[in-house]
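This report describes one protein model, with attention to its strand pairing and its salt bridges. The sequence and structure are shown first.

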Amino acid sequence: MKLFVPSPLLYDGIVYLSDNSGQLTAVDAATGAVIYKDRPDKENHFASPAAGDGKIYLSGRNGTVSVVEAGRTFKVLSVNKLGDPLDASPAISGGRLYLRGAAHLWAIGAK
């Protein structure tokens, strides 16, 4: 049985659901039709996804941050291994992506 621990994310008319098994499900917000179900990485996601600049950010329990292109086609843009467990949801502010791990805080992006 899959558990949807993270909060859903609504971005540009698509609802993104990430579950603790690591699967990302995209659903059309207007019709409820499933657009895709796929795994961007081999991580378990307990943090809620975040979105910005046409990208969906997913942080994993084993320290991996995956970036998926927002939209109706599943496309993984990058998988980044930080090596620090991530249970907190990514935050975006001022052109930066903030990631809080068990031991570190990262600010990635514009200066």
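## The four-stranded sheet

A51 stands opposite I56 in strand 6. Strand 5 and strand 6 pair in the antiparallel sense, and three bridges connect them. This pairing belongs to an open sheet of four strands in the order 5-6-7-8, with antiparallel pairing. Strand 5 (50-52) and strand 8 stand at the edges with a single partner strand each, so one side of each has no neighbour in the sheet. On average, neighbouring strands of this sheet are turned by 20° against each other, direction ignored.

The model is predicted, and the confidence of the prediction bears on how these elements are read. The mean pLDDT of the protein is 91, and 70 or more is reached by 95% of its residues. Strand 11 (residues 105-109) has the lowest confidence, at a mean of 92, whereas strand 1 (residues 9-11) has the highest, at 98. Where pLDDT is low, predicted coordinates should not be read in detail.

How much of strand 7 is buried? Five of the six residues of strand 7 (residues 64-69) are buried, so the strand is largely enclosed by the rest of the structure.

On one side, strand 7 pairs with strand 6 (residues 55-59) in the antiparallel sense over five bridges. Within this pairing, L58 stands opposite S66 in strand 7. Strand 6 and strand 7 form a hairpin with four residues between them, and G63 in the turn has a positive phi of about 95°.

Strand 7 also runs antiparallel to strand 8 (residues 76-81), to which five bridges join it. Here V68 stands opposite V76 in strand 8. Strand 7 and strand 8 likewise form a hairpin, with six residues between them. In that turn, G71 has a positive phi of about 135°.

## Salt bridges

How many salt bridges does the structure hold? The structure holds three salt bridges. One of them joins the side chains of R72 and D28, at 2.3 Å from N to O. This pair links distant parts of the chain, since R72 lies in the loop between strand 7 and strand 8 and D28 in strand 3 (residues 24-28), 44 residues apart. D28 has a relative accessibility of 12% and therefore counts as buried, the cut-off being under 20%.

D87 forms a salt bridge with R61, and the closest N and O atoms are 2.8 Å apart. D87 lies in the loop between strand 8 and strand 9 (91-93), and R61 in the loop between strand 6 and strand 7, so the pair ties together parts that are 26 residues apart in sequence. Both residues are partly exposed: D87 has a relative accessible area of 41%, and R61 has one of 34%.

A further salt bridge is formed by D53 and K55, with the closest N and O atoms 3.3 Å apart. Is D53 buried or exposed? With a relative accessible area of 69%, D53 is exposed, because exposed residues are those over 50%. K55, by contrast, is partly exposed, with a relative accessible area of 24%.

The loop between strand 6 and strand 7 contains R61, whose partner is D87. The loop between strand 7 and strand 8 contains R72, whose partner is D28.

Methods
Residues numbered from 1 in each chain as written. Predicted model: local features only at pLDDT ≥ 70, side-chain atom pairs only at ≥ 80, totals over all residues. Heavy atoms only, no water. pLDDT = per-residue confidence, 0-100. Helix = DSSP H or I, 4+ residues; strand = E, 2+ residues; numbered from the N terminus. Buried < 20%, exposed > 50% of the residue type's maximum accessible area, 1.4 Å probe, protein only. Pairing = 2+ DSSP bridges. Salt bridge = Lys/Arg side-chain N within 4 Å of Asp/Glu carboxyl O. Axes fitted to C-alpha atoms, helices over the stretch in contact; angles between N-to-C directions.
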